[in-house]
Amino acid sequence: MAQIGELLGFAPFSFAPVNSSSLSNQSAGSNRPFFCDTVDLGDLYAAIHVVVLPPSPQASLSPGNTPNGSSKNPYNGQNGTNGHAQDVSGRPSTPTQLDKFLLNLISAGVDEPRLSDFDISLFTLIFPKCEGYAVRSNLLEHRLQDCPIPIARIDDRLIARKFHGIFWARELTAAGPSANLSLLAEHAAGVVQWCDVSSALSIQELQQRLINITQELHHRLHNVPCLSPDPPIMEKTVALVRGRPNLMTGGPVYAAAKALGLKLVIIDEAGHWLEANTIENRKLRKAFLRTDMTEDEGLADRIVQSIKRYGTPVDGVFTLSDNFFVTVAKVAEELGLPSGPVSAFETAVDKYKSRMLQDSPGHTARVTSVEELETLLSAPTDGSRPFFTPTFPMIVKPTKGWSSECVSKVTKLSDLTTAVKKATTRHGSAAVMEPFYDGPEIDVNFVLLDGEILFYEIADEPPCEGDATDATVNDTFSPVALTLPSALPADEQEIVKNTLHKILLNLGFHTGIYHLEARMVNSKYEYRPISPGIIDLVPHDVPLTKKPECKLIEINARPPGYRVSVPSRHTYGIDYFAVRMLAALDDKDRLRAIPVPFSSHYAGAEDRTPGVGAQYWSRLVYIPVPKDGVLEWRFKQHESEHNGYEIISPSEDLKLRRPDLAEHIVLAVDYYGHGEWVSTFTDGARTYLGHVLVKSTVSRQEAIEVGNAVLEAYEVDIDSERESDFDLLSD
C-alpha cells in the first residue's frame with residue numbers, strides 16, 4: 001500500500017499490487033473482514049480501495065493460493081495478527097469502521113450498499129489532491145460511463161461551486177485508512193461500488209482486479225480536474241432561447257445545467273411543455289419566460305424585454321436552434337453578455353455566404369425562385385458569358401435549413417428546376433447552387449477558448465443515397481451512420497483542423513463549441529468494400545496526384561444535434577452542452593476544465609487503439625422508417641398486471657432477441673411510441689425511428705460490422721392500414 005508521504009509527495013505513478021502492508025479488519029457489527037489499499041491516480045487524484053470479504057472464513061480467498069502457499073488467512077494484517085486490524089503504524093483500528101462506512105453511504109442518499117453473503121464487495125473512494133471549488137457535481141458518473149469493469153453504483157459527492165478541501169489527508173495521516181474509513185468517505189469526492197467478484201478468486205486474481213480498477217480510473221480521471229482554485233465560482237443564471245421540443249432532446253441540456261450548478265431560465269412561447277410550473281419542470285429549469293417567438297424584426301427586442309422583466313440578473317444567453325442564432329447574438333449584444341459577433345452568425349446560418357468563404361465567382365449562385373434561376377441562366381444581351389454557369393454534378397439546397405432537408409444532387413440541367421423548387425419551398429428560403437465536392441464526408445467539432453483549440457474531433461459519415469454516382473434529384477443526403485474516430489490519415493486530419501479553424505477565427509468565432517461539416521477532396525482514402533457487406537475508408541489503389549483539400553459544407557455555431565452529440569459524449573467523455581453554457585457565461589476556468597478526453601491510446605497496444613482520447617471505436621446507426629403507417633410495439637411475456645405481457649420498444653426487442661449485439665450497444669433510443677403514425681420522409685429528409693450507438697474495443701471494422709448487424713436485425717411492425725391512436729383520441 002502506498003504510504004501517505006509518497007502519496008502527498010506526488011510519487012511517480014505505478015500500479016503496485018496489494019502487498020503485505022494491506023490492512024484488514026473484523027468488524028464486530030458486520031462480522032466481515034476487510035482491508036484497504038491506497039493508490040495513486042496521477043497528479044490530480046488518489047484513491048482508496050476497500051475490499052470487503054464474506055462473513056464466513058471459509059468463503060474467503062482460497063488459502064492454497066496465498067503468496068507463501070500456507071493456509072493461514074492472508075488478510076489478518078501485515079503482522080498476521082488474528083482478526084485485529086492494524087495500520088502501517090501497528091495501531092489497532094476501530095472495530096466498527098465498516099459499519100460506519102456503510103452508514104455514511106446510506107446517509108448521503110445512496111441506495112443501501114448490499115454486501116454479498118458469499119462474494120467479495122469492492123469500493124473505491126476518490127480524493128482530489130488539491131483543494132478548490134467543484135467544477136461540476138457529476139464527475140464520476142460522467143467519466144465512468146461505459147466502464148468495462150461492471151459498476152453497481154456511483155456516489156458523486158461534490159456539489160458544483162462548493163469548496164472542497166483535502167481534509168482526507170489529515171484523517172489518513174492520523175490513523176490510516178481502516179481506522180478512519182467513515183471520515184474518509186465523508187471527505188471523498190465520490191465513492192464507487194464495483195460489482196461483486198467471486199470469493200473463489202486467488203490472491204493474485206484479486207490483486208489483478210484492483211490493478212485493473214486502478215488503471216481504469218487513471219485513464220478516466222488523471223487529466224480532468226474536478227476542482228478550480230480561487231476565486232470562488234459564483235452562482236449564475238443562463239437563459240436558453242427555445243427550450244427544446246421534448247425531454248428526450250432536452251434532457252442532456254438540463255442535466256448539464258444542473259451538474260454545473262447553474263440556474264437555467266427558458267425563453268419560449270406560450271404553451272411550451274416547460275411553461276407549466278410543475279414539480280417535474282421546476283427540477284429542469286428555474287423559470288419560464290413566456291415570449292412571442294414570431295420570427296420578425298421585433299423578436300430580439302421582445303426577448304430583451306422578457307429578460308429585463310424577469311427581475312433577476314441573467315449572466316448569459318444562448319440557443320441551440322439554428323434559426324435563432326442571429327437573434328440571440330443581437331440579444332447578447334444589447335444586454336452586454338458574452339457572444340460571438342452578429343456578423344459571424346449571419347454568415348454561418350446562410351449556406352450561400354458560408355459557401356463563398358471558399359469559393360470563387362461563377363461556381364456558386366443563390367436564387368429565390370425558379371423564375372430567377374431562368375434569368376440567371378439566360379445569356380446576357382451584350383453577348384458576355386452568364387454570371388453563373390452550372391457544372392455537374394452540383395448540389396442544390398436551402399440557404400437556411402438543417403438535417404439535410406431538401407438537399408438534392410443534380411446531374412443534368414433539366415433537373416435543376418425541380419431541385420430549386422424543392423429547396424425554395426422549405427423555410428421560405430432561397431436556394432444555393434454549388435459544386436458537388438467528391439470525397440469522404442466528415443463531421444468536425446471544435447471547442448475553442450479565446451481562439452485556442454481545447455479539443456477537436458473528426459467523425460466519418462459513410463456514403464448515403466445522394467453520394468451514389470447514379471443518384472438522382474430525388475435521392476436524399478440523409479445520413480446513414482457515423483463512425484468515430486475518423487480513419488482519415490493523420491496529415492489530412494491536420495489539413496481539416498487547420499483549414500476549418502482558420503475559417504472560424506476569420507469569421508470572428510473565438511469561444512464556444514462549433515459543429516462543422518466538410519468533405520476531404522483529393523483524399524488518399526476512399527470508401528471501398530473491405531469484407532463482405534462492409535464498406536469503409538481505405539487507401540486508394542492508385543495514389544492521387546492532386547493535393548488534398550478540405551471543403552466546408554456548413555458551419556453550425558452550436559453543439560452537434562441531439563443524435564450526433566451522443567457518440568462524442570460516450571466515446572471521448574466530452575459534454576458539449578456543458579461547454580456551450582460555460583461559453584455563454586464566459587466562465588473560462590471551468591470551460592478549460594470540461595472538454596478533456598480520456599487518456600491517449602486507451603484501448604491497449606498502440607497499433608490497436610481507436611485514437612487520442614477515445615475509449616473505444618463507435619458507430620452511430622440511424623434506423624430509417626421503412627414505410628408509412630402506425631408503429632406497433634411488440635408484446636413480451638412478463639409477470640405484470642397486463643395479462644402477463646408488457647409492450648416493449650423495438651430497441652428493447654432487438655436487445656432481447658440478440659444478446660450478442662446487446663453487449664455492444666451503448667445506447668438505443670426510440671423516437672416514437674406505440675400507436676404513433678410514422679412517415680418515411682419529413683420535410684424532404686428521411687425520417688428515423690431511432691438511433692443505436694454501438695462500440696468495439698477490438699477494431700473499427702468490428703464496430704462497423706456490429707452497426708450493420710444492428711440495422712439488419714432491427715425489426716419493426718408498421719400497420720399502413722390503421723389510424724394512429726392519437727388521431728382516434730382527437731376525434
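**Close-up views of a predicted protein model**

Searching the whole structure turns up four cavities of 30 Å³ or more (on a 1 Å grid over the protein atoms alone, a cavity is a set of points where a 1.4 Å probe fits but cannot get out; grid points are joined across faces, edges and corners, and a volume is the space filled by probe spheres set on the points). This is a predicted model, where local features need pLDDT of at least 70, side-chain atom pairs count only at pLDDT 80 or more, and totals for chains, interfaces and linings use all residues. Residues are numbered from 1 along each chain as its sequence is written, and side-chain values use heavy atoms, with hydrogens and water left out.

**View 1. The largest cavity holds about 90 Å³ of space.** Its lining has 13 residues (lining means an atom within 4 Å of a point), and Arg-136, Leu-139, Val-224, Ala-593 and Ile-594 are the closest to its centre. Helix α3 (residues 139-143) gives the largest share of this lining, three residues; helices here are DSSP runs of H or I, at least four residues, and strands are runs of E, at least two, numbered from the N terminus. Sorted by class, the lining has eight nonpolar, two polar and three charged residues. Nonpolar covers Ala, Val, Leu, Ile, Met, Phe, Trp, Tyr, Cys and Pro, charged covers Asp, Glu, Lys and Arg, and the others, Gly among them, count as polar.

**View 2. Lys-551 sits in strand β24 (residues 549-556).** Lys-551 counts as buried because its relative accessibility is 12%, and the cut-off for buried is under 20% relative accessible area (1.4 Å probe, protein chains only). Leaving aside residues up to four places away in sequence, Lys-551 touches Arg-355, Gln-358, Tyr-437, Ala-518, Arg-519 and Val-521; a contact means heavy atoms within 4.5 Å.

**View 3. Helix α10 (residues 325-335) packs through its buried residues.** Those buried residues are Phe-325, Val-326, Thr-327, Val-328, Ala-329, Val-331 and Ala-332. They pack against β10 (237-241), α9 (299-310), β13 (316-319) and α11 (342-348). After α10 comes Gly-336, with a positive phi near 70 degrees.

**View 4. Three strands make an open antiparallel sheet, in the order β7-β5-β9.** β7 (163-164) and β9 (227-228) stand at the edges with a single partner strand each, so one side of each has no neighbour in the sheet. Strand β5 (residues 132-134) is joined to β7 by two bridges; strands pair if DSSP finds at least two bridges between them. Gly-132 has His-164 of β7 as its bridge partner.

Methods
Buried < 20%, exposed > 50% of the residue type's maximum accessible area, 1.4 Å probe, protein only. 1 Å grid on protein atoms, 1.4 Å probe; cavity = no way out; pocket = protein on both sides within 12 Å on 5 of 7 lines; lining within 4 Å.
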